[in-house]
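Please take a moment with the sequence and the model that follow, and keep both in view while reading. The paragraphs after them go from one residue to the whole fold and then back to single residues and pairs.

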Amino acid sequence: MQGDLERREKEVRVLRRSLKKDPTNLELANRYWRAVGSSQCGGSVHDAYRGAALASSVGAAAFARAYWEMFSCSGEGPRMAHFDEPLIQALEAYFPQLTGEDHFNVEWVLQTLGVLNK
């Protein structure tokens with residue numbers, strides 16, 4: 001059991017380093033998010049998806065989806081501590097481009113933070 005935990009922690013560290021080098025890589029972000037597993041928190045969403053959310057509407061949708069998944073499991077929603085102005089501006093900019101569940105999730109994040117400018 002200890003070996004599995006150590007392997008998982010190593011995988012998370014490697015993925016985190018890779019994301020620091022390539023922060024817009026959505027595939028890496030998804031792998032990191034899955035590897036974090038039950039340790040998911042707002043900081044993990046930020047670590048995984050911030051770069052992708054700044055770069056594209058697909059990244060913004062993935063960022064918000066991760067927050068919704070985490071909220072659905074743990075009740076932890078978006079908190080301003082995990083957001084900065086460029087990230088909020090990116091979510092606001094990409095929001096009108098999104099549809100369906102992606103639109104809902106980004107809207108929910110922005111409303112929860114109290115920053116939605118309609």
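How exposed is Asp 84, going by its relative accessible area? In this predicted model, Asp 84 has a relative accessible area of 27% and is therefore partly exposed, since that class lies between the buried residues, under 20%, and the exposed ones, over 50%. This residue comes back below, once the overall fold has been described.

The secondary structure of the protein consists of six helices and zero strands, so that, read from the N terminus, the order of elements is α-α-α-α-α-α. Taken along the principal axes, the box filled by the C-alpha atoms is roughly 50 × 30 × 25 Å. The radius of gyration is 14 Å, and this agrees with the value near 13 Å that a compact globule of 118 residues would have. Of the 118 residues, 42% are buried, and among contacts with a separation of 6 or more, 54% are made by residues 24 or more positions apart. The accessible surface amounts to about 6,600 Å², and carbon and sulfur atoms hold 51% of that surface.

The charges come next. The protein carries 14 positive and 15 negative side chains, and 7 Å separates the centres of the two sets. Side chains of opposite charge can pair when their charged atoms come close. With a cut-off of 4 Å between a side-chain nitrogen of Lys or Arg and a carboxyl oxygen of Asp or Glu, the count of salt bridges is four, and three of them are taken up here, including the one formed by Asp 84.

One of these salt bridges joins Asp 4 and Arg 7, whose closest N and O atoms are 2.3 Å apart. Both residues belong to helix H1 (residues 2–21), and because they are three residues apart there, about one helical turn separates them. Asp 4 is partly exposed, at 42% relative accessibility, whereas Arg 7 has a relative accessible area of 55% and counts as exposed.

Asp 84, the residue of the opening question, forms a salt bridge with Arg 50, at 2.7 Å from N to O. Arg 50 sits in helix H3 (residues 42–55), while Asp 84 is in the loop between helix H4 (57–74) and helix H5 (85–94), so this pair ties together parts that lie 34 residues apart in sequence. A further salt bridge is made by the side chains of Arg 65 and Asp 102, at 3.0 Å from N to O. Here the partners come from helix H4 and helix H6 (residues 100–113), respectively, so the parts they tie together are 37 residues apart in sequence. Arg 65 is partly exposed, with a relative accessible area of 31%, and Asp 102, at 26% relative accessibility, is partly exposed as well.

The loop between H4 and H5 also holds His 82. At 16% relative accessibility, His 82 counts as buried, and when residues up to four places away in sequence are not counted, His 82 touches Gly 42, Gly 43, His 46, Tyr 67 and Leu 87.

Helix H3, which holds Arg 50, also includes Gly 51 and Leu 54. The C-alpha atoms of Gly 51 and Pro 23 are separated by 4.7 Å, although the two residues are 28 residues apart along the chain.

Leu 54, by contrast, has a relative accessible area of 30% and is partly exposed. With neighbours within four places in sequence again left aside, the contacts of Leu 54 are with Pro 86, Leu 87, Ala 90 and Tyr 94. Leu 54 and Val 106 are 52 residues apart along the chain, and 13 Å separates their C-alpha atoms.

The last stop is Pro 96, in the loop between H5 and H6. Pro 96 is exposed, with a relative accessible area of 61%. From Pro 96 to Ala 66, 30 residues away in sequence, the distance in space is 19 Å, C-alpha to C-alpha.

Terms used. Residues numbered from 1 in each chain as written. Predicted model: local features only at pLDDT ≥ 70, side-chain atom pairs only at ≥ 80, totals over all residues. Heavy atoms only, no water. Helix = DSSP H or I, 4+ residues; strand = E, 2+ residues; numbered from the N terminus. Rg over C-alpha atoms; globule rule 2.2 N^0.38 Å. Buried < 20%, exposed > 50% of the residue type's maximum accessible area, 1.4 Å probe, protein only. Contact = heavy atoms within 4.5 Å. Areas by Shrake-Rupley, 256 points an atom, 1.4 Å probe, with all protein chains shown as cover. Lys, Arg positive; Asp, Glu negative; His and termini not counted. Charge placed at Lys NZ, Arg CZ, Asp CG, Glu CD.
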